[in-house]
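Please read these notes with the model open beside you.

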Amino acid sequence: MSGRRSSSRGNSVSEEEINELISKLQSLLPASARRRGSSQASTTKLLKETCSYIKSLHREVDDLSDRLSDLMATMDHNSPGAEIIRSLLR
């Protein structure tokens, strides 16, 4: 079974599949976070950068959610602007 890795559950993923998944992951990151290379070290770095990017996206979502909540709190809930915001959130 050369070139294959097994998990404790008996599932196996080929090295080619892992490389394809890593490539797909790289394509999802912004250009500033992408790294090239196929060594274990660069894969580890890619995964760390991906985790960091996901955390930054969570912070951004939280910030936008807070800003939207503040905006909605200051608006008349029957106003056209509030209705537009509600329609965008559906």
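1. A salt bridge here is a side-chain nitrogen of Lys or Arg within 4 Å of a carboxyl oxygen of Asp or Glu. Arg-67 is exposed, with a relative accessible area of 52%. Asp-63 is partly exposed, at 39%. The cut-offs are these: buried is under 20% relative accessible area, exposed is over 50%, and partly exposed is in between (1.4 Å probe, protein chains only).

2. Know what you are looking at. This is a predicted model, in which local features need pLDDT of at least 70, side-chain atom pairs count only at pLDDT 80 or more, and totals for chains, interfaces and linings use all residues. Residues are numbered from 1 along each chain as its sequence is written, and side-chain values use heavy atoms, with hydrogens and water left out.

3. Check the confidence. pLDDT is the predictor's confidence in each residue, from 0 to 100. The chain has a mean pLDDT of 82, and 78% of its residues reach 70 or more. Where pLDDT is low, the predicted coordinates should not be read in detail.

4. Now the overall layout. The chain has three helices and two strands. Along the sequence, the pattern reads β-β-α-α-α. Helices (H or I, at least four residues) and strands (E, at least two) are DSSP runs, numbered from the N terminus.

5. Consider burial and surface. The chain has 90 residues, and 16% of them count as buried. Its accessible surface comes to about 7300 Å², with 54% belonging to carbon and sulfur atoms. These areas come from the Shrake-Rupley method with a 1.4 Å probe; for residues, only the protein chains shown count as cover. Now take contacts with a separation of 6 or more: residues 24 or more positions apart account for 10% of them.

6. Return to the salt bridges. How many does a search of the whole structure find? The search finds four. One of them joins the side chains of Lys-24 and Glu-20, at 3.4 Å, N to O. These two are four residues apart in helix 1 (residues 15–28), so about one helical turn separates them. Lys-24 counts as partly exposed, at 47% relative accessibility. Glu-20 is also partly exposed, with 43%.

7. Look next at helix 3 (residues 80–89). Arg-86 and Glu-83 both lie there, three residues apart, about one turn of the helix. Their side chains form a salt bridge at 3.2 Å, N to O. Arg-86 counts as partly exposed because its relative accessibility is 27%. Glu-83 is partly exposed too, at 35%. Which residues are linked in a network of salt bridges? They are Glu-83, Arg-86 and Arg-90.

8. Finish at Thr-74. This residue lies in helix 2, which covers residues 40–74. Is Thr-74 buried or exposed? It counts as exposed because its relative accessibility is 66%. Its side chain reaches the backbone oxygen of Leu-71 at 2.8 Å.

Definitions and conventions. A polar contact is a pair of N or O atoms within 3.5 Å; within protein, one must be able to donate a hydrogen and the other to accept it, and residues adjacent in sequence count only if both atoms are side-chain atoms. Contact means heavy atoms within 4.5 Å.
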